[in-house]
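Trainee: I would like a close look at one part of this model. Please take a single helix and go through its surroundings in order.

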Amino acid sequence: MTEIARKKILIVEDDPGITNFLKTTLRADGYDVLSVSTGAAALQVIPSHCPDCVLLDLGLPDIGGSQIIESVREWTQLPIIVISARSQESDKAAALDQGADDYLTKPFGVVELK
């Protein structure tokens, strides 16, 4: 019997509480979940683990989320969903213009995430 591959999601978030919430929610829905807390780690994990989607915080301690979007877009169209506390329309537009596929503003609900 062939097992259906589960979708793999990479969480790039430096807040442990948000990371744990996302992991719990996504795993309950049947996703495989990886997480990193820095941009540098994200840039290493994305090509080596080939996630199906990235949930990306813009405010990371080392590399800005915008730089990560630009770097990833140089070689793949992997879906990137920004999850950020930045709620200004200009922040959302900039992330989408750089290549993000969607933008969720913190705080967000489970239904909105799914």
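**Helix α1 and its surroundings**

Mentor: The buried residues of α1 pack against β1 (8-12), β2 (32-36), β3 (53-56), β4 (80-84) and α5 (110-113). Helices (H or I, at least four residues) and strands (E, at least two) are DSSP runs, numbered from the N terminus. This is a predicted model, in which local features need pLDDT of at least 70 and side-chain atom pairs count only at pLDDT 80 or more, while totals for chains, interfaces and linings use all residues. Residues are numbered from 1 along each chain as its sequence is written, and side-chain values use heavy atoms, with hydrogens and water left out.

Helix α1 covers residues 16-28, 13 residues in number, and spans 18 Å from its first C-alpha to its last, close to the 18 Å expected at 1.5 Å a residue. That expected span is 1.5 Å times one less than the number of residues.

The buried residues of α1 are I18, T19, L22, T25 and L26. Down the axis of α1 they fall within an arc of 140°, so they line one face of the helix; the arc is that of the directions from the helix axis to the C-beta atoms. On the other side of α1, P16, T24 and A28 are exposed. Here buried means under 20% relative accessible area, exposed over 50%, and partly exposed in between (1.4 Å probe, protein chains only).

Now the two ends. D15 caps the N-terminal end of α1, with a side-chain oxygen 2.8 Å from the backbone nitrogen of G17. Just after α1, G30 has a positive phi of about 95°.

There is 1 aromatic pair by the rule used, which pairs rings of Phe, Tyr and Trp (its six-membered ring) if their centres lie within 6.5 Å; planes under 30 degrees apart count as stacked, over 60 as edge-to-face and the rest as tilted. The ring centres of F21 and F108 are 6.1 Å apart and the planes are at 55°, so the pair is tilted. F21 lies in helix α1 and F108 in the loop between β5 and α5, so the pair ties together parts that are 87 residues apart in sequence. F21 is partly exposed at 33% relative accessibility, whereas F108 is buried at 14%.

K106 is also in the loop between β5 (102-105) and α5. Leaving aside neighbours within four places in sequence, K106 is in contact (heavy atoms within 4.5 Å) with several residues, including I18 and E13.

Notes
Polar contact = N/O pair within 3.5 Å; in protein donor to acceptor, adjacent residues only side chain to side chain.
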